[in-house]
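Have the coordinates open while you read.

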Amino acid sequence: PLALAIMIALGRVLSAGFRAASSTLTGAMRTATKQAGGSSKNGRDSNPKFLGTKLFGGQACLAGNIIVRQRGTKIHPGQRVGMGKDHTLFATSAGFVHFSYDKFKKRKFVNVFPERENPYKKPERNPRRQRQGHA
């Protein structure tokens with residue numbers, strides 16, 4: 001009976017120690033006081049650059065007026081038009097804006113002419129005279 005009593009007492013001590021050890025492990029664990037915030041891979045934006053055509057065909061312009069702001073030479077400078085270092089096209093003299101396309105070079109051009117009408121425009125043919133064989 002003495003050995004049995006010692007074993008029972010020893011079992012109680014061991015089980016109490018195990019309970020104490022396990023309670024210190026769980027009691028030492030910290031809990032979150034704030035909700036976890038996720039990380040975002042986006043969330044950035046650049047400032048607007050305000051590119052594009054500022055003066056359209058037929059509009060009057062003064063010397064120095066910006067006609068087109070662009071990245072690269074989508075449109076090339078023509079007569080009385082200069083190009084800045086950031087490819088901005090501007091008028092070098094007062095006049096009227098005219099856009100044209102060169103089908104051989106496959107390029108768009110912008111020109112400034114003193115008159116509202118394009119002086120290099122071909123006169124339109126009269127279709128009635130063509131039909132009668134007077135071309």
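1. Ground rules. This is a predicted model, so to speak: local features need pLDDT of at least 70 and side-chain atom pairs count only at pLDDT 80 or more, while totals for chains, interfaces and linings use all residues. Residues are numbered from 1 along each chain as its sequence is written, and side-chain values use heavy atoms, with hydrogens and water left out.

2. Layout. The chain has two helices and eight strands, where helices (H or I, at least four residues) and strands (E, at least two) are DSSP runs numbered from the N terminus. Read from the N terminus, the order is α-β-β-β-β-β-β-β-β-α.

3. Burial and surface. Of the 135 residues in the chain, 16% count as buried; buried means under 20% relative accessible area, exposed over 50%, and partly exposed in between, with a 1.4 Å probe and protein chains only. The chain's accessible surface is about 11500 Å², and carbon and sulfur atoms hold 57% of that. Those areas come from the Shrake-Rupley method with a 1.4 Å probe, and for residues only the protein chains shown count as cover.

4. Contact range. Take the contacts (heavy atoms within 4.5 Å) between residues at least 6 apart in sequence: 42% of these join residues at least 24 apart.

5. The sheet. Four strands form an open sheet in the order β1-β3-β6-β5, with antiparallel pairing. Its edge strands are β1 (52-53) and β5 (81-83), each pairing on one side only. Pairing here asks for at least two DSSP bridges between two strands.

6. Two bridges join β1 to β3, and T53 has V68 as its bridge partner in β3. On the β6 side, two bridges link β3 (residues 66-69) with β6 (residues 89-91), again antiparallel. There I66 partners F90, and V68 stands opposite L89.

7. Q70. Is this loop residue buried or exposed? Q70 lies in the loop between β3 and β4 (75-77), and it counts as buried because its relative accessibility is 6%. Its side chain reaches two backbone oxygens: that of I75 at 2.9 Å and that of H87 at 3.1 Å. Both are polar contacts, meaning N or O pairs within 3.5 Å; within protein, one atom must be able to donate a hydrogen and the other to accept it, and residues adjacent in sequence count only if both atoms are side-chain atoms. Leaving aside neighbours within four places in sequence, Q70 is in contact with L51, I75, D86, H87 and L89.
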